[in-house]
Amino acid sequence: MTQLRTDRPHPPDPPRVPPVDRFFKITNRGSTLGREVRGGITTFVAMCYIVLLNPLVLGASTDITGARLTTEQVTTATALAAGVTTVLMGLVGNAPLALAAGLGVNGLVAFQLAPEMTWGQAFGLVVLEGVCIVLMAVSGVRERIINAIPMPLKTAITVGIGLYIALVGLVSAGFVTRTPDAADSTVPVRMGTDGHLAGWPIAVFCAGLLLMIVLVSKRIPGAVLISITVATVLAVVVNETFTVDGWGLVEPAVPDHLVSTPDFSLLGSVDLFGGFVSAGVVTATVFLFTLVLSGFFDAMGTITSVSQEAGLVRDGRVEGMGRILCVDGVGALAGGFTGSSPNTVFLESAAGVGEGARTGLASVVTGALFTATLFLTPIAAVVPAQAAAPALVVIGGMMMAQCAKVPWQDVDFAIPVFLTIALIPFTYSITNGIGAGLVSYVLIKLAKRRLGEVGWLLGTLAAVFFAYFAVEGIMAAVS
């Protein structure tokens with residue numbers, strides 16, 4: 001009789017998946033720990049210029065009391081908000097998406113909100129924006145508003161903001177200046193201070209701009225940061241070698257120390273509802289609406305495009321979109337609470353995705369690096385406007401690529417889109433551009449008796465903007 005063997009070898013145990021891998025689904029998404037770390041570092045290098053650039057934008061304006069934010073304050077706020085929100089995106093959204101103070105919307109805070117109210121009240125409106133975006137993400141209202149506004153007008157907002165931040169960059173660098181007697185002149189702005197380009201600060205700006213154009217066109221990783229660094233070094237050398245005037249708010253000089261204690265004086269300095277008193281209920285409401293509109297439209301496009309490149313889109317839907325949108329809303333809220341302006345997802349996240357990032361671990365790495373820059377604020381205080389401004393010009397130019405998506409042959413859209421794009425930079429107001437576009441679009445549909453194509457929500461938005469444009473004239477006529 002044959003005896004049955006009972007000592008057969010057991011099948012090998014499946015390989016143990018490390019907790020980090022399980023939490024972020026690294027293997028499941030076809031990535032590795034090394035790729036995620038490299039991707040996170042690459043994203044940080046590609047977008048950390050915002051730590052240098054945001055103080056330039058917010059520091060270029062004063063609030064209604066004449067108060068100006070310091071470079072140290074804004075640098076700390078920018079790094080803190082970017083670090084916290086990007087780590088949160090990694091842990092909650094599990095997506096390789098990094099957040100920081102949004103370009104364009106920070107201009108709205110600096111040049112539109114601040115002159116009408118105090119900085120604390122302006123940041124209070126930013127906090128309210130974040131609350132609105134979170135509530136809309138949770139309730140689904142965000143999707144309804146997005147569907148209500150025609151895509152060509154959404155595209156026009158992006159293009160107009162691109163022109164706007166490019167103009168801010170040119171003006172900050174002194175490349176473009178206002179003609180002193182512009183009221184009596186046919187040329188309201190001019191090159192340089194007298195119609196010509198001259199002086200070392202302008203030379204530094206031009207050198208930085210040309211270098212950035214070359215590096216960006218060759219798709220060099222960290223092109224923006226490299227260009228800002230080179231231009232800053234050039235500015236410091238020039239300033240130390242010659243007697244140079246005309247740098248503006250920041251004079252490039254070798255700092256006494258590289259590491260310092262962060263300046264958290266803006267943290268929590270918000271007045272949620274004071275802006276409605278200072279600027280008026282209608283104006284503050286329109287400001288808030290514009291913040292929300294600019295914030296979530298830009299984020300939607302960026303989230304979708306980067307997620308698609310990362311392979312996170314399934315059946316037309318982004319994996320974890322609800323959580324991602326909630327974190328994006330929290331980013332806006334955190335931007336107001338820290339005093340850095342609304343934080344949103346950056347398109348530069350695609351740089352990390354290009355290095356293989358597929359999960360939120362890359363975002364955790366990026367956020368940790370942003371947090372480390374909290375102690376490097378003296379370096380940011382060295383960067384003059386002429387070294388950082390080229391980034392505004394180049395990024396603004398890249399945003400112009402969206403023009404290709406506009407159906408210019410459709411007369412229903414051509415004029416509204418043009419008004420949106422033109423009035424944002426020409427009036428230095430994102431609010432004016434969006435309002436003019438919506439009002440003119442609804443007016444065209446009304447003239448053609450095709451209001452059914454507009455819908456009640458878009459009609460209501462147009463009515464709000466019409467009241468915004470008319471309120472001052474009505475009040476003047478009544479008084």
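Guide: Helix 19 is followed by Arg449, whose phi is positive, near 55 degrees. The model is a predicted one, in which local features need pLDDT of at least 70 and side-chain atom pairs pLDDT 80 or more, while totals for chains, interfaces and linings use all residues. Residues are numbered from 1 along each chain as its sequence is written, and side-chain values use heavy atoms, without hydrogens and water.

Visitor: What makes a run of residues a helix?

Guide: Helices are DSSP runs of H or I with at least four residues, strands are runs of E with at least two, and both are numbered from the N terminus. The protein chain has 20 helices and 6 strands.

Visitor: How do you know that the span of helix 19 agrees with its number of residues?

Guide: The expected span is 1.5 Å times one less than the number of residues. For the 18 residues of helix 19 (residues 430-447) that gives 26 Å, and the end C-alpha atoms are 26 Å apart, so the two agree.

Visitor: How many aromatic pairs does a search of the whole structure find?

Guide: The search finds 6. Rings of Phe, Tyr and Trp (its six-membered ring) pair if their centres lie within 6.5 Å; planes under 30 degrees apart count as stacked, over 60 as edge-to-face and the rest as tilted.

Visitor: Why is the pair of Trp119 and Phe123 called stacked?

Guide: The ring centres of Trp119 and Phe123 are 6.0 Å apart and the planes are at 25 degrees, so the pair is stacked. Both residues lie in helix 6 (residues 119-139), 4 residues apart, about one turn of the helix. Both Trp119 and Phe123 are buried.

Visitor: What makes Trp200 and Phe242 a stacked pair?

Guide: Their ring centres are 5.3 Å apart and their planes at 15 degrees, so this pair is stacked. The pair links distant parts of the chain, with Trp200 in helix 9 (residues 200-217) and Phe242 in the loop between helix 10 and helix 11, 42 residues apart.

Visitor: Why is Trp200 called partly exposed?

Guide: Its relative accessible area is 40%, so Trp200 is partly exposed. Phe242 is partly exposed as well, at 42%.

Methods
Buried means under 20% relative accessible area, exposed over 50%, partly exposed in between (1.4 Å probe, protein chains only).
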